Amino acid sequence: MKKQVLIIVSNANVIGSHNRRTGTFLPEVAHPYAEFEKAGYQIDFASLSGDTPYLDALNLADDPDNLKFLTGKGWADMQKAAKLEMINVGTYDAIFIPGGLAPMVDMPEAPLLKQVIAAAYERNAVVGAVCHGPVSLLNVKLNDGSYLVNGKNIASFTTEEEDNYARADVPFDLQTALTTQGAIFHAAAPWSANSIVDGNIVTGQNPASAKGVGEKIVALLESTNA
């Protein structure tokens, strides 16, 4: 039976007091999408509000996977992303949250998103996120009342990277917030590929890590029976 992956994207298009334009960072959705597509999975999109999501980093469109995403089925389907509350997430083998600055706007608290992630994790579906996407894992509480990230090996955009990217625009520091909730944080050199697996959680540090996150999600899915 074909594996099913749900990509959950932000609906934000500005962040911070200077109204910095943002969205989902193109390679962070396109590179994992390419891995899921290669594996023959069904790939669906959801967003928090159901409105058309935004893309950032269109200047990177000359990358082959990015271009294929933009001109093929990926971007066309992402523009028609369903509202998360309308989707039976329990049917998906994996959920994946790409980054960009946008998730820092609408995903730190989002109650339904937190419920969806907790439920997916606790039924042993794969939960993946990259760069600023792991903000979606913040404030997720499991049935026992503990934070999802507590005691888990996690990667995300780092404090050092943020200091040289969007410090003036983000509402808080993601590395610090994850660590405060008990994450065992793994930071590699700025902008280098760094993706890690802890059980059924896959996280990555930055855009260079997106392909690795996709590959690791596929590897986990292929190691389990449909």
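This is a predicted model: local features need pLDDT of at least 70, side-chain atom pairs count only at pLDDT 80 or more; totals for chains, interfaces and linings use all residues.
A salt bridge is a side-chain nitrogen of Lys or Arg within 4 Å of a carboxyl oxygen of Asp or Glu.

- R167 is partly exposed, with a relative accessible area of 31%.

**The K38–E35 pair**
- K38 and E35 form a salt bridge in which the closest N and O atoms lie 3.3 Å apart.
- Both residues belong to helix α1, which spans residues 26–38, and they are three residues apart, about one turn of the helix.
- K38 counts as exposed because its relative accessibility is 62%, where exposed means over 50%.
- E35, in contrast, is buried, with a relative accessible area of 8%.

**The E215–K211 pair**
- A salt bridge also joins E215 to K211, with 3.6 Å between the closest N and O atoms.
- E215 and K211 are separated by about one helical turn because they are four residues apart in helix α8 (residues 210–222).
- E215 is partly exposed, at a relative accessible area of 38%.
- K211 is likewise partly exposed, at 34%.

**Charge pairing and the network**
- Side chains of opposite charge can pair when their charged atoms come close.
- E35, K38, K211 and E215 are linked in a network of salt bridges.

**P108 and its surroundings**
- P108 is located in the loop between α4 (103–106) and α5 (111–122).
- The relative accessibility of P108 is 11%, so this residue counts as buried.
- Leaving aside residues up to four places away in sequence, P108 touches P103, K114, V135, L138, N139 and F172.
- From P108 to N143 the separation is 35 residues in sequence and 19 Å in space, C-alpha to C-alpha.

Technical notes:
Residues are numbered from 1 along each chain as its sequence is written. Side-chain values use heavy atoms; hydrogens and water are left out. Helices (H or I, at least four residues) and strands (E, at least two) are DSSP runs, numbered from the N terminus. Buried means under 20% relative accessible area, exposed over 50%, partly exposed in between (1.4 Å probe, protein chains only). Contact means heavy atoms within 4.5 Å.
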